[in-house]
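Visitor: Could you take me through one part of this fold up close? I'd like to hear about the aromatic rings and what surrounds them.

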Amino acid sequence: MMSYPELRYATPPEWVARIEERPLELLSDHAHNELKAAATAQAWLLKNTDKPRLVLELSKLASEEVEHFDRVIRLLYSRGGELQPIDNNPYAAELLSRSAGTRKDPFVDRLLVAALIEARSCERFVLLGEYLRDPELRQLYRDLTPCEMEHKDLFVDLVRESLPAGEADSRIEQLFDLEGQVVAELPFAYRMHSGIN
Ligand SMILES: [Fe+2]
Ligand SMILES: [Fe+2]
């Protein structure tokens with residue numbers, strides 16, 4: 001069986017204590033990520049109607065992300081929070097702009113950025129599920145972790161199906177290396193994909 005790439009930068013657990021100062025901001029940002037993931041998957045599905053496996057996988061993923069969105073906004077509202085207006089995600093923007101110079105296939109890079117977003121979410125969910133002091137929030141992240149793990153692997157599989165083996169693996173390595181640098185350099189924010197500085 002093919003192995004899956006690992007993230008290059010491990011978020012220190014102190015990140016959780018900082019983010020826990022403003023849980024409503026984290027939940028709002030998290031809700032947006034879930035909805036964006038669903039909308040992106042649906043848009044890709046419509047552009048790839050000739051690929052039945054992709055259509056089925058993206059349909060499943062989109063419905064899971066909508067369910068996650070629903071769960072997160074319910075928790076947000078139950079705590080008196082609000083979904084904040086949409087805001088661009090500096091993490092994704094940095095990944096896309098800093099990989100542009102070496103880009104060969106834009107769709108492959110979008111898939112890889114999706115894999116990285118899922119992988120970093122998943123890493124953060126594991127930390128949140130372990131270190132948050134708030135039991136309800138901690139449980140949310142424990143429940144959502146396994147699903148995001150599958151999503152990350154799905155996008156890596158799709159990249160491997162789209163390119164010859166050597167090319168796929170070298171682009172995967174390049175973008176995982178880049179992500180490690182990006183996340184180490186980004187400033188801290190009350191967002192799922194923030195830096196720690
Ligand atoms: Fe999700
Ligand atoms: Fe996901």
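Guide: Let's start with Phe107, which counts as partly exposed because its relative accessibility is 27% (buried is under 20% relative accessible area, exposed over 50% and partly exposed in between, with a 1.4 Å probe and protein chains only). Keep in mind that this is a predicted model, where local features need pLDDT of at least 70, side-chain atom pairs count only at pLDDT 80 or more, and totals for chains, interfaces and linings use all residues. Residues are numbered from 1 along each chain as its sequence is written, chains are lettered from A and ligands numbered from 1 in the order written, and side-chain values use heavy atoms, leaving out hydrogens and water.

The structure holds 4 aromatic pairs (rings of Phe, Tyr and Trp, the last by its six-membered ring, with centres within 6.5 Å; planes under 30 degrees apart are stacked, over 60 edge-to-face, the rest tilted). In one of them, Trp44 and Phe107 have ring centres 5.6 Å apart and planes at 85°, so they meet edge-to-face. Trp44 sits in helix α2 (residues 23-47) and Phe107 in helix α5 (residues 106-131), so this pair ties together parts 63 residues apart in sequence (helices are DSSP runs of H or I, at least four residues, numbered from the N terminus).

Trp44 itself is buried, at 8% relative accessibility. Trp44 also pairs edge-to-face with Phe155, at 5.9 Å centre to centre and 85° between the planes. Together, Trp44, Phe107 and Phe155 make one aromatic cluster.

Key. Helices (H or I, at least four residues) and strands (E, at least two) are DSSP runs, numbered from the N terminus.
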